[in-house]
Amino acid sequence: MDFFKSGLKTVLGAPEPGQLPSGAETVERLVDRVNNSTLLEDRRDACRALKAMSRKYRVEVGAQGIDTLKQVLELDRADNETINYALDTLNNIMSPAQFEEEEDNPHVPMNIGEQFTEMFIKDPHNIQLLLDLLDEYDFRVRLSTVQLLTSLLTNRTKDIQEIILVKPMGVSKMMDLLGDTREVIRNETLLLLIKLTKGNANIQKIVAFENAFDRLFEIVSSEGYSDGGIIVEDCLLLMLNLLKNNSSNINFFKEGSYIQKMLPMFNTPEDLEDIGWCPQKVSNVHCMLQIVRTLVSPSNSAQIISSCQKIMKNVGFLDALCNILMASGVPADILTETINTVGEVVRGDITNQDFIGNVMAPSNPPRPAIVVLLMSMVNEKQPFSLRCAVLYCFQCYLYHNELSQASLVQTLLPSSTDVSSLTSGQLLCGGLFSADVLSNWFSAVALMHALIDNPGQKEQLLRVLLATNVGSTPVSLLHQCTLLLQQTTKLQSKVALLMLLCQWMSHCSAAVSAFLQVPGGIGYLVNQTCSNEHDENEYLLQGLSSFLLAICIHFNDDSVESYTKDALKQLLVKRIGVETFTAKLSEVSKHELYNKAAKHPQLRVKIPAEILIDYEFCRLFKVLEGVLINSISEKQEPDPSEDRQSPAADNLEQYKSLIRQQDARLQELMQQLDGLMQQNYALQSELNDSIASNSLLKDENTLLKAQVSAKLPSQCNQINQSSQATPGQHTQASQATNPDRLLEYENKLQFLNSEVTRLTAELKASEEGKTNYEEELVKLKQGQDDLKKDQDDLLELLADQDMKINEYKMRLVSLGQTVEETQGDTELNLT
C-alpha cells in the first residue's frame, strides 16, 4: 500500500501540507496527466493509477476519463502495457457487476456500467478499435480486449450484435481466438461467443460457417467429453445457441456428420453405478441432451425431424440413449431429460417407435421398457417431473402410429395369453381409477392418445369390460368412465375424463350411442352446462361439458330412440339456449392453461396444480368448435326442398351485397392506411432527428452534473480541514481566506448551473424552431399548390384563346380575306 501511495505521489506530485486531495480531484489530475504528458512513461503511470482508482471511483473515472482512455487506445498502440491499463480501466467502468469497494457508496447507480456502455458505443468506431486489438498477440492485451467485449455484450447485447455484424471480419477475428494455444484466452473467447450468438440468427450462421462445430468438438474431445470440466459445458452451450431455432445451422450440422460426433458423450461404462455422476458430468450430459432435442424438436420442419431421426437410429444414437434409460444410478434430472429426448427421437418415426417398443428392461422378470416407464408414471411416489416426462415419451410412442395404438388397446381386450404378466393397458386402467389425482389425469390422457385419428380403435375400446366387484356383471370401460365422471369431485379427474370422452366419441357414432345409454350421462352434462358458478375452473368445466354435449348431438346416428339428434337439440334449446351454449363453449379457449397447453406438445409445467389441459385436446377443440356451433345453430326446416330454395337464394344475394359493401369499404380503408403510413414515416424521421439532438444534449448535461458532483465533496473537505486549524490560525484564516474561496466556488457552481439552464433552453428553442419550421413548410406547400393550380388555369385559357384565333383566321381565309401572320404566329408555327 505504501508503495502504491508513493507511486501516486510520483505521478501527481506531493500535496500541500495539511491537505489531502479528494478522489475526484485525483482523477482529474490523472486524466490531465494522460492528456498533456509528452513522455510515454508518464502517461503509462497515469493509466496505471486510473486503473487502480476505477473500482472505487467508477463514476468519476468514467465521467472524466472515458474519452481520454479511447484516445489512448488509438494513439498508444505501440505500448502494450499502456493499452492493457486502458482496457482494464474501461472494463472496470463498464462492468455489469458491483465491486466491493463501491458497496458503501449509495450514489453509484446499479446500472452505471450499462450507462457508460451506452455512451461508449454511440461511436461504432470504438468497437472497431477493440476488434483491431484482437490482432495483438500480447497475452494481457488480447485477454483484456475479450473481457471488455464480453462486458459490453452483457450490458447492451442487441446493439453490440448489430455493430459487429456490419464490421468486416469482426466475427472471424473472434473465431480465430478459439485456436489460441493459451487456454485462458480460449476459454474467455467461448464466453464471449456465447453472449454474441444469443438470439441473432445472422451471427449464428456466420459463426457456424467459420468451422465452429469442428473447433468445438475438438475442444470437447481434448477435454474428455462428458467427463470434462466446465469448458465442455461452455462448448455445448455455444452449440445450443447456434442450433436453436436456426434451421440453416441444423441442416449444416446434419449434413456435416456432426450427429455421429456426439455419440461418445453418451458412452456409459459398466461400473457407472460405482463411479457415480459428478455435478459437472450431470451438467455436460444435460446440455448435450438439449442439443439432441433441438435437432428433433416438434417446432422444426417435418423434413429436418425425419432425416435427423433416421441418422440417430442408423448410427446407434437411439441405442445409446436407451442404455442410459435402462442404466442404474442415473440422476433423476438426467433420467427425466433422457426420457424426453427418447420421446422426441421416436415421435412420428415408425421405425424408431418399433425399436423403443421392443426394448426390454433388465428387470426380473424382464419387461418391456414401455411397461416399466408406465409403472413409474402411475406411481405417485415418483418425482413429478419424471412422471410428466414418461407421459410425453408415451405420447410420442403413439404419435401417428396405428400399430402401437392398436397394441395398447389389444392389451385391454380379453385374450388367451398369460394374464399374470403386467401390460400397459392394465397399468393405465389401474391409474384411471386410482385415488391419486395425477394418476387419473396421466392415464386418461395416455388412453386418449391411443384413439387420436383412429376410429377403428375407438370401436375396439368399446369392447373393453371391467369387473367392478367380485361376482358383479362386468360393465364397459366407457360406462365406468361416465359413472366416475358423475361421482368424482376432483377438478383434474373431471377434466381428464371429459377430454377422454370427447376424443373417444368424436367421429364415432357407436361410442355416442354407448354413452347415451349410460344412466344420468346426458343429465349430468346438461346440469353442468347450466351451472352458474363463477370460478375460472368452473367456467372450464361448463365449457367442456357443453363441448361433449354438442359432440353427442353432431355425431348422433339416432340409434337411441330417447336421445335422437332432434330430441337433444330441443333439450339444449329449452334448458340452455343457443346463445348461452355458445358462450359456455367459448370459455374453454379463454382459460389460461388452455392457451399454455396449446403452444407445445410437451407438458411444460412446474407444479401439479398447473396440469389441466392436453395439447392434442386443444387441437381437437379448435377443429370441432366451429363445426359444432354451426350444427347446433341449424334450424329444422320440414318443408320440401323446393320451398327451401327461395330463402337460400335470398340469403345468397344478401351475402353477395354484404361482400360488395365490405370490399368497397376495404378499398377506402386501404387508401386511408397508405396516407397515414406515409405521414407516419415522415413524422418518425423528424422524431428520430429530435431524439438524436436531445440525446446529445442529455449526455452533455450528464457530464456537467458528474463534474459538479465530483468537485463538491472536495470543496467541502477543504472547508472542513481549514475549520479544524488552531484557534489563532482559524480566526485569521477564516476572515482572510474562506470568504474568497466560498465566493470562488459559488461562482463556479453558478456558472455550471447557468450552463445547464442554457443547454435546456437551447433544447427547448430547437424544439420550438422545429415546430415553426414544420408550420412554415406546410404553408409553403399550400402556397406552391395554389400557384401551380393558377398556372394550370392560365395555360388552359391561353390554349383556348389560341384555338379561337386560329379558327377566326381560317374563317377569314375562306371568305377571301388576306391575313397577315404576326411574329408570334410565325414563332408558334416554327415550334
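User: Start with Leu-242. Leaving aside neighbours within four places in sequence, what is Leu-242 in contact with?

Analyst: Leu-242 is in contact with Thr-197, Gln-204, Val-207, Ala-212, Phe-213 and Asn-249, once its neighbours within four places are left aside. Keep in mind that this is a predicted model.

User: Where does Leu-242 sit, and is Leu-242 buried or exposed?

Analyst: Leu-242 is in helix α14, residues 230-243. Leu-242 counts as buried because its relative accessible area is 0%, and the cut-off for buried is under 20%.

User: Ok, zooming out. What's the secondary structure count for the protein?

Analyst: The protein has 40 helices and four strands. Buried residues are 42% of its 831 residues. Of the contacts with a separation of 6 or more, 70% are between residues 24 or more positions apart.

User: Now α36. Which of its residues are buried?

Analyst: In α36 the buried ones are Glu-616, Phe-617, Cys-618, Leu-620, Phe-621, Leu-624, Leu-628, Ile-629, Ser-631 and Ile-632. The cover over them includes α26 (437-449), α29 (491-505), α32 (536-554), α33 (565-575), α34 (578-590) and α35 (592-597).

User: And where does α36 bend?

Analyst: At Leu-624, by about 40°. As for length, α36 covers residues 615-633, and at 1.5 Å a residue its 19 residues should span 27 Å; the end C-alpha atoms are 28 Å apart, which agrees.

User: What does Asp-614 do at the start of α36?

Analyst: A side-chain oxygen of Asp-614 comes to within 3.0 Å of the backbone nitrogen of Glu-616 there. Asp-614 and Glu-616 also turn up together in the lining of the largest cavity.

User: Oh, cavities. How many of 30 Å³ or more are there?

Analyst: Three in the whole structure. The largest cavity holds about 60 Å³ of space. Its lining is Arg-347, Tyr-392, Gln-395, Cys-396, Tyr-399, His-449, Pro-601, Asp-614, Tyr-615 and Glu-616.

User: Which elements give two or more residues to that lining?

Analyst: α23 (384-398) and α36 do. The largest share is from α23, with three residues.

User: Let's switch to α20. Which elements cover its buried residues?

Analyst: The cover includes α17 (279-295), α18 (302-314), α19 (317-326), α21 (350-358), α22 (369-377) and α23. Twelve of the 15 residues of α20 are buried, so α20 is largely enclosed by the rest of the structure. Among the buried ones are Ile-334, Glu-337, Asn-340, Gly-343 and Val-346.

User: What about its length, and what comes just after α20?

Analyst: α20 takes in residues 332-346, and its 15 residues at 1.5 Å each should span 21 Å; the end C-alpha atoms are 21 Å apart, which agrees. Just after α20, Gly-348 has a positive phi of about 80°.

User: Which residues other than glycine have a positive phi?

Analyst: Asn-211 is one of them, with phi near 60°, and Asp-558 also has a positive phi, of about 60°. For context, most residues other than glycine have a negative phi.

User: Where are those two?

Analyst: In loops: Asn-211 is between α12 (201-208) and α13 (212-223), and Asp-558 is between α32 and α33. Asn-211 counts as partly exposed at 42% relative accessibility, and Asp-558 is partly exposed with a relative accessible area of 42%.

User: Last one, Ser-443. What does its side chain reach?

Analyst: The side chain of Ser-443 reaches the backbone oxygen of Ser-439 at 2.8 Å. The backbone oxygen of Leu-428 lies 3.4 Å from a polar atom of the Ser-443 side chain. Ser-443 is in helix α26 and counts as buried, at 0% relative accessibility. Beyond neighbours within four places in sequence, Ser-443 is in contact with Met-377, Val-378, Leu-427, Leu-428, Gly-431 and Leu-432.

Terms used
Residues are numbered from 1 along each chain as its sequence is written. Side-chain values use heavy atoms; hydrogens and water are left out. The expected span of a helix is 1.5 Å times one less than its number of residues. The bend at a residue is the angle between axes fitted to the seven residues ending there and the seven starting there. Buried means under 20% relative accessible area, exposed over 50%, partly exposed in between (1.4 Å probe, protein chains only). Contact means heavy atoms within 4.5 Å. A polar contact is a pair of N or O atoms within 3.5 Å; within protein, one must be able to donate a hydrogen and the other to accept it, and residues adjacent in sequence count only if both atoms are side-chain atoms. On a 1 Å grid over the protein atoms alone, a cavity is a set of points where a 1.4 Å probe fits but cannot get out, and a pocket is an open set with protein on both sides within 12 Å along at least five of seven lines; lining residues have an atom within 4 Å of a point. Grid points are joined across faces, edges and corners, and a volume is the space filled by probe spheres set on the points.
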